[in-house]
Amino acid sequence: MAKGLFLSIEGIDGSGKSTQLAHLTKRLERESISYLLNCEPGGSQVGNLIRKILLDPENPVFPTAELLLYFANRAQNVDEQICPALEAGRLVISDRYTDSTLAYQGHARSLGQSLVNQLHQIACRGTEPTLTLYLRIRPEVSASRLSHQKKDRLESEGAAFHHRVFEAYEALAEANPQRIVTIDGERSEAVIAADIWSIVMERWNQRDS
Ligand SMILES: Nc1ncnc2c1ncn2[C@@H]1O[C@H](COP(=O)(O)OP(=O)(O)OP(=O)(O)O)[C@@H](O)[C@H]1O
Ligand SMILES: [Mg+2]
């Protein structure tokens, strides 16, 4: 059987990940390509319970507990959802994965990249995306896109925090040019969707080689 392909999509809050995944999954359905969409936090029954704890502004979650909750969610989804789908030859798409933890908890919350990487080894045990789409928008564009939405616990952090997340993504993209493809997310939705489709199809068609 053909191997699956593990793809993640990353970027700061409001960079258009959900918007682009709606375009991508609609097109995959039209082409009858079977996929699993993994959303973080969430993505499984246990994951959705963890998501509620993490995103509720009423919950005073301390940084280390937050980090462990993200990895508990990811470990659950790797075993329950991601590995079985990849073994069945499907396309797995994760809306955020360990790059998000490196950017938000490792860098913006200063818990350190090495701690995040250690926990990643424990939780994910080698289950890594082969392709990561980084939707790049500047923090000020994110702020203006999200200014009229109700903010969750993480989105209501200050501008300095969001700037640190952005910096971390920029550094990750520079350090991992083989895996991370940077996509200019400040263009129109349709233009970005066309770009993403051609990148994903190229990798999908090469997955066995
Ligand atoms: N290319 C675009 N140009 C302008 N606005 C956009 C574009 N893509 C998405 N938006 C708008 O920006 C807002 C945030 O988009 P979206 O929810 O897709 O981002 P996200 O990356 O999923 O955010 P989060 O990290 O909070 O889940 C939405 O109001 C969406 O309509
Ligand atoms: Mg989203």
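The axes of helix H4 (residues 98-108) and helix H5 come within 9 Å and cross at roughly 145°. The model is predicted: local features need pLDDT of at least 70, side-chain atom pairs count only at pLDDT 80 or more, and totals for chains, interfaces and linings use all residues. Residues are numbered from 1 along each chain as its sequence is written, while chains are lettered from A and ligands numbered from 1 in the order in which they are written. Helices (H or I, at least four residues) and strands (E, at least two) are DSSP runs, numbered from the N terminus. Axes are lines fitted to C-alpha atoms, for helices over the stretch in contact, and angles run from 0 to 180 degrees between N-to-C directions.

H4 passes H5 in a right-handed crossing. A crossing is right-handed if the near helix is turned clockwise from the far one by less than a right angle, and left-handed if anticlockwise. From H4, the residues Thr 98, Thr 101, Leu 102, Gln 105 and Gly 106 meet Gln 113, Val 116, His 120 and Cys 124 of H5. Contact here requires C-beta atoms, placed from the backbone, within 7 Å. Three residues of this contact are nonpolar, six are polar and none is charged. In this scheme Ala, Val, Leu, Ile, Met, Phe, Trp, Tyr, Cys and Pro count as nonpolar, Asp, Glu, Lys and Arg as charged, and the others, Gly among them, as polar.

H5 (residues 113-124) also packs with helix H3 (residues 63-87). Their axes come within 8 Å and cross at roughly 30°. H3 and H5 are therefore roughly parallel to each other. Angles under 35 degrees count as roughly parallel, over 145 as roughly antiparallel, 65 to 115 as roughly perpendicular and the rest as oblique. The crossing of H3 and H5 is right-handed. H3 contributes Leu 67, Phe 71, Arg 74, Ala 75 and Val 78, and H5 contributes Leu 119, Ala 123 and Cys 124. By class, this contact has seven nonpolar residues, no polar ones and one charged.

Helix H6 (residues 139-146) packs on helix H7 (residues 159-175) at an angle of about 125°, with the axes 9 Å apart. That angle makes H6 oblique to H7. H6 passes H7 in a right-handed crossing. Pro 139, Ser 142 and Ala 143 of H6 make the contact with Ala 159, His 162, His 163 and Phe 166 of H7. Four of these residues are nonpolar, three are polar and none is charged.

Ligand 1 is surrounded by Gly 11, Asp 13, Gly 14, Ser 15, Gly 16, Lys 17, Ser 18, Thr 19, Arg 145, Ser 188, Glu 189 and Ile 192. The elements giving two or more residues to this shell are helix H1 (17-30) and helix H8 (189-205). H1 supplies the largest share, three residues. A residue belongs to the shell if its C-beta atom, placed from the backbone, lies within 6 Å of the ligand. One shell residue is nonpolar, seven are polar and four are charged.

The chain has eight helices and five strands. Along the sequence they follow the pattern β-α-β-α-α-β-α-α-β-α-α-β-α. The radius of gyration of the chain is 16 Å, close to the 17 Å that the globule rule gives for 209 residues, so the chain is as compact as a globular protein of that length. This radius is taken over C-alpha atoms, and the globule rule is 2.2 Å times the number of residues to the power 0.38. The C-alpha atoms fill a box of roughly 45 × 35 × 30 Å, taken along the principal axes.

Two backbone features lie in loops. Most residues other than glycine have a negative phi, and most peptide bonds are trans. A cis peptide bond joins Glu 40 and Pro 41, with omega about -10°. Pro 41 is in the loop between strand S2 (35-39) and helix H2 (45-55). Ser 32, a residue other than glycine, has a positive phi near 55°. Ser 32 lies in the loop between H1 and S2.

How values were computed
Two residues are in contact if their C-beta atoms, placed from the backbone, lie within 7 Å.
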